[in-house]
Structures are given as C-alpha cells and as structure tokens.
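Please keep the sequence and the structure in view while reading.

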Amino acid sequence: MMILTQDFLPPRSLLVLPDQAASQADKAPLSKSLLLVPSAISILLTLLFQHYQKFFAYNLQAIKEDFQIWRLVCGRTICLDLKDTFCSSLLIYNFRIFERRYGSRKFSSFLLGAWMLSALFDLLLVEIAQYIFGITINSLPSGFLGPVFALFVPFYSSIPRVQVTQVLGHFSITNKTLVYILGLQLLTSGSYIWILALSGLVSGICYNSSVLKVHQILCVPTWLAKIFSWTLEPIFSSAEPTNEFRVGMGATVDIQRQQRMELLDRQIMMSQVAQVRRQRQQQGGMINWNRLFLPLRHRHNANYQDHHPSEQDIHPPTEVSEEQVARLMEMGFSRGDALEALRASNNDLNVATNFLLQH
C-alpha cells in the first residue's frame, strides 16, 4: 500500500480524493497503453520486421553528428531486446499503482518529466564517461527505460516496506523485493544500461525535488490530458469491479496461497467495516476505529503472531499530532476520520493512511 510522503505529495488541484480514488481504482489507461503498445511493437520488430529495427536504435552518434533528433523519440520508446521488454513491462505493471493513486495526469506528467530529464542526463553521462574513463559510447539500449528507473524513486520513498517472510532466519522478504529483483535483472541485461538506470534515478530525484520545482514546469497541460482521457480510457480502461473480490492467479502455489490469504483478510476487514457502519447512528455517527485497529496496536511487539489482546492490553487513545492530522486532511480526509485513525493506530501515519485509502 502506498503512502503519500511530503516530497511526493501531489498539489491539491491534482490530488485524488478518496471518493475519486474509488472510481479510478481500476482505471490505469496510461499504464496499460505503455504495457501493451510498446511490447506489441517490440515483438513485431523482433519477429517480423527486423529490417525496421534500425529506425528504433538509440544511436547517439547519429543524434550528435547527423542531428537525427527523432531518434531520441524512437530510440527511447521501443525496446529492441525482448528481455528488456519483458522486465520493463512487469515493472510498469507494478508501478501502475501510482496512476491509480495520483491520477493519469500527474502520472503522465511524471513520466514526461523523467523522460525529458533522462534524455539530457544520458548525453551528459556519456560525455563524462568518455572524459574520465576514455570510453566511447556510440549507442545505448533502446526502450522506455529512463522513466521506468525513475519510478523507483517514488516507489522507494512512498511504498511502505512490509515483511512477508524470512529466509534462513536473517534475510527478510518484503512486498517490494520482487520489484527490486526485476529492476536488478533489467540493470544487468546490457553493458551500458547502467547509464540509463543512473540517469533515470537522477531524473526521478530531480522531478520529485521540492527545491527545483521541476514538476511545475514539466507537466501535461489540462487540455492535452482531456484529449488522452477521451481516447485512451475507452480503449484501455477496465470495467467496474463487482462487490466480490477476485482471487489472483499467482505463478506458483505459494503465491496463490498468499493471494487467497490476503483475499480472506480483506473480506474479514470489509465485513467488520460494514458491521461498524451499520452501527454508526447508535455510536453518534462516528466509526469505531478502535475495533478495526485492535490487532494493529500490537503489530510491532507481536510481529503479527496469532494472539488476541485482552482488555487490559488496550491503551487509551493517545494525543495525536496536529501536523499528521493536517497531512491527512490535505489528502482529502475529514478531520474526524483523521483523528480517529491516528488514535487507533497509535499515531502511526502509515497505518492510518493505508486504512483511510482502503476505506
């Protein structure tokens, strides 16, 4: 579950409020278009149209000497290596959560800014490598790799780290481990792909910087976002989900078992929420968050062990920080819900935000 940090907090005009997020939760048209269209073109170029691959090569020498600026567009959009296509597609699929949380316009603005900045840093890093190490680099791996690596910056800072299991009792496996492994696989797939990775990470840091204010300059205009909304959403948007949660199909039996356990946890939580909401009038119109957060009070001490806290273990609500309340209110939540969520989660802003975004 993603947490909005101060550095990556979207402006209020672009902020997706909870009621808006519910309607956009299953809409990620830009992510789906980036997942399907470049992958299809890459497969066609590899299998059927090999003689057209030269037009999609990221040839730096042709860009600098022959001023073939169009290669910055073609060479930095379509992957010519199927391994890079596969890894980048999986990463885009995992990073679609940013489009669902922030909206398509902010997500596209981040990709546009990272794409333009990474193109500049590509040329700069190539010149630095030639000046310091004497390495002449005439071409770089093709594909939409710079923005993909740039997305690791908000992924690292905005997605909380939740331990799933441990290997050999010392190495923790978290909900972010697979994404980092995919990024490492993509990083080691080519000889000079480290230049694209470094330029992507630097561009992501620059775009998220509150000092440089790059996001105020490199952004998608509203009129252009509306045009893409009219064209892409009817094609790539998913249908509204039903009330019944679908079980995902994992690649292994362990993943499928984990998905079913997560589904069961969500169903139990949703049933508790429905029951509490039916009792809102009897409780003065306020959701009793403490009933829902009882296990979460002891998550650090019990390490998710199966036990039921007694009434003596339940501490009275603590004072909450007005700064954290303001952070939650900036996300669009009411002051009452923000106060109750923070009290019930022992002032854990991550836990409170996760629950408020879910419900």
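Which residues does L186 touch, not counting residues up to four places away in sequence? They are D84, C87, L91, L145, V148, F149 and I193, where contact means heavy atoms within 4.5 Å. The model is predicted, so local features need pLDDT of at least 70 and side-chain atom pairs count only at pLDDT 80 or more, whereas totals for chains, interfaces and linings use all residues. Residues are numbered from 1 along each chain as its sequence is written, and side-chain values use heavy atoms, leaving out hydrogens and water.

L186 belongs to the largest nonpolar core, which has 45 residues; L91, F95, F98, L111, L140 and L186 touch the most other members. Such a core is a set of buried Ala, Val, Leu, Ile, Met, Phe, Trp, Tyr and Cys residues joined through side-chain atoms within 4.5 Å, buried meaning under 20% relative accessible area with a 1.4 Å probe, protein chains only. Among the elements that give two or more residues to this core are α5 (82–102), α6 (104–133) and α9 (177–187), helices being DSSP runs (H or I, at least four residues) numbered from the N terminus. The most, ten residues, come from α6.

The structure also holds twelve aromatic pairs, counted when ring centres of Phe, Tyr or Trp (its six-membered ring) lie within 6.5 Å; planes under 30 degrees apart are stacked, over 60 edge-to-face and the rest tilted. The rings of F95 and F155 are edge-to-face because their planes stand at 65 degrees, with centres 5.5 Å apart. As F95 lies in α5 and F155 in α8, the pair ties together parts 60 residues apart in sequence. Both residues are buried.

Conventions: Buried means under 20% relative accessible area, exposed over 50%, partly exposed in between (1.4 Å probe, protein chains only).
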